Amino acid sequence: MTAATVRRGTAFAPRAARIGLYVFLVVSAVFFILPLLLVIMNSLKPMEEIRQGNLLALPVNPNLEAWATAWASACTGLDCAGIRPGLWNSIKITIPSVVISTLAGALNGYALAQWKSRHANMIMLLITVGLFIPYQAMLYPTVKILSTVGMFRTYAGIVFVHIIYGLPYTTLLFRNFYVGIPDEISRAARMEGASFLRTFWSIILPISTNILVVVAILQFTGIWNDYLLGLIFAGNDNLPMTVQLTNIVGNSRGVANPNVNMAAALITAIPTLVVYFLSGRYFVRGIAAGAVKG
Amino acid sequence: MSSISLRKIKKSFGALTILHAVDMEIDKGEFVVILGPSGCGKSTLLNVIAGLDECDEGQIVIEGKDVSGLEPSGRGLAMVFQSYALFPAMTVRRNLSFGMEIAGTPKATVTEKVAWVAKLLQIEALLDRKPGQLSGGQRQRVAIGRALVRSSSICLFDEPLSNLDAKLRAETRVELKQLHETLGSTMIYVTHDQIEAMTMADRVAVMHKGKVEQFAHPQSIYEKPASLFVAGFVGSPAMNFLEGRMDDAGRFVTADVPIDIDGYAFEGARPSGEAVLGLRCEDIVVVEPGTPRSVPAKLAFTELLGADALGWFDCLGKRFSVRLGVEAARSMHKEVGLRFDMAKASMFCAVSERRL
Ligand SMILES: Nc1ncnc2c1ncn2[C@@H]1O[C@H](COP(=O)(O)OP(=O)(O)OP(=O)(O)O)[C@@H](O)[C@H]1O
Ligand SMILES: [Mg+2]
């Protein structure tokens, strides 16, 4: 064998691996993006084209009529105001729930990471168990408790439920991040006379941006996409978009309008998509980030 | 009045006792080094003094005031941590001013103090950087700066130089010593590096398994170690030890060879029973074989150290290190005699391991 063939031979393997990698990435991207494309395509078709029955056909006369209907005049049960009122409900439920459950989880997680005793491990265990209990199992007691204190089917009630159900999750994530931060940083802050809360606020939170973003995104998607809790706890005045979406899709009066349904589904999904696109970089960074270097 | 008194400090983690009744009196303005092997409880002791860990028993008195129950901030101490523990998200300037900010010090004073300490430690150019953008040595300066900036009269250091390379460590050692002379504050400095201990300390406390074995001037630690542990831990190469016992004639007998110990100053009466004789490598003289008051020895090998040399001899069933001149080492014979300088030797009880 000549030197040249040897060189080509060794270069071949990495190149093959690269090609394999790209094929895999493209295939999985197509796999995930195809349904989305189908939904977008069909939401742009007028009803006549839908009736022809070919889901895979490209729209001949693409227009936003279905979107407009879904947005402002589709019927959700008795009233026909589209999905619009749900948007505001979803926003006002999601934002405080995300902010509070994330910050409280950070504070809890920091406290737990600081607290080194057998009891701390016990509490971690309980929190982990809390994560694994499906929340359907806790619905009835929660309903009972909330009705006793008069918060069942109220705005405060749904926010409260989201925060409580989110806390084990956020606490665990933050705790695992904070045990990686050297103890001496908190001790140094204590030497400087900083209280626990002051240390958390001035020293620990500023080095937690990545994990804050990750947890906030996870919470945002979870709460925004939630259906069950919203249905049960929000009350008729505060129904989130997801609940209204099912009402539109499952509306038994009149004919089925798949294009409107798809448009409504897309409108509901837009905020989470936007959040992912805007913060994807932080998200990956946060997932990959280990402890902070002092 | 002493600056810090530790009275019978005890500390356990669970069933494990880390500090056994530590007693120390530290004078005002003194530079005290706590020296000991890894895991002997040095950091624990420092944390207890600082108030970061609570002691289980005992009393800590700082400048006449019992501070045992006080938070770290109430004790008026400053501390430099082993890993520096700078606040990562803050600039160097804020790292320095954070404590004063919390204490509500007026802005003008804060600016003035930060400027003073930055000048003292030559970190003016770094003030607007974050700790992540500093080298190890620079971080270490900032950490020292953070401890000095509030002019506490007592500074605690937990192995502050252990992450630096040898050259920087030697430089910083000198600077710290000078700083101590300039500021006149009491400093307690933890290390497991005996060169740091010997060169910097006014007094060294040698710790072993949670006890202070000896607390004395570095030179007397070297010359008159109070226990077998101190003797073996301090000094390089380690002290040569001979196990034996005191016979009725008051001689020291090892491997059936009696060794004349006239000239050794016992702490108390001439003892009897099992004992250990310790000799530093420079307190042994190489003589012609058969010279009176010498023991026969065989040269194993020599090490040239530049300025001088070490000879390793097999003698009385042990291997001895002896400091030699370079020329003497080059022309050393195989068969020699070793004579021990008893005036500079150390003897220990084999049971209590204390100096005799
Ligand atoms: N929080 C803790 N819980 C249980 N044991 C501990 C704790 N902190 C320290 N120890 C134990 O106490 C002993 C002394 O620890 P310490 O940190 O004081 O050692 P050190 O002398 O500073 O050692 P080094 O030179 O390695 O820093 C060690 O055996 C250690 O395992
Ligand atoms: Mg230590």
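Leu37(A) counts as partly exposed because its relative accessibility is 42%, where partly exposed denotes the range between buried, under 20% relative accessible area, and exposed, over 50% (1.4 Å probe, protein chains only). The model is predicted, so local features need pLDDT of at least 70 and side-chain atom pairs count only at pLDDT 80 or more, whereas totals for chains, interfaces and linings use all residues. Residues are numbered from 1 along each chain as its sequence is written, chains are lettered from A and ligands numbered from 1 in the order in which they are written, and side-chain values use heavy atoms, with hydrogens and water left out.

Leu37(A) lies in helix α1 of chain A; helices (H or I, at least four residues) are DSSP runs, numbered from the N terminus. Leu37(A) also belongs to a nonpolar surface patch of about 800 Å², together with Val26(A), Val30(A), Ile33(A), Leu34(A), Leu36(A), Ile40(A), Leu273(A) and Phe277(A). Such a patch joins nonpolar side chains (Val, Leu, Ile, Met, Phe, Trp, Tyr) within 5 Å, from residues with over 30% relative accessible area and no salt bridge. The greatest contribution comes from α1(A), with 7 residues, and both α1 (3-43) and α13 (258-288) of chain A supply at least two residues each. In general, residues three or four places apart in an α-helix point the same way, because there are 3.6 residues a turn.

In helix α9 (residues 196-204) of chain A, the buried residues are Thr199(A), Phe200(A), Ser202(A), Ile203(A) and Ile204(A). Their cover includes α4 (84-114), α7 (155-178) and α8 (183-191) of chain A, as well as α2 (92-103) of chain B.

In chain B, Thr172(B) is part of helix α5 (residues 166-183) and is buried, at a relative accessible area of 7%. With residues up to four places away in sequence left out, Thr172(B) is in contact (heavy atoms within 4.5 Å) with Gln140(B), Leu161(B) and Leu164(B).

Chain B comprises domain 1 (4-232) and domain 2 (238-349), with bounds from an automatic or database domain assignment. The contact involves 9 residues of domain 1 of chain B and 8 residues of domain 2 of chain B. The C-alpha centres of these domains are 39 Å apart. Between them the domains bury about 710 Å², of which 56% is on carbon and sulfur atoms; buried area is the accessible area (1.4 Å probe) lost when two parts are put together, summed over both. Tyr222(B), Leu228(B) and Ala231(B) provide 64% of the area that domain 1 of chain B buries against domain 2 of chain B, more than any other three residues. Across this interface, 0 salt bridges are found, a salt bridge being a side-chain nitrogen of Lys or Arg within 4 Å of a carboxyl oxygen of Asp or Glu.

Key. Patches are made of residues with over 30% relative accessible area and no salt bridge: like charges are joined within 9 Å, nonpolar side chains (Val, Leu, Ile, Met, Phe, Trp, Tyr) within 5 Å. Accessible areas come from the Shrake-Rupley method with a 1.4 Å probe; for residues, only the protein chains shown count as cover.
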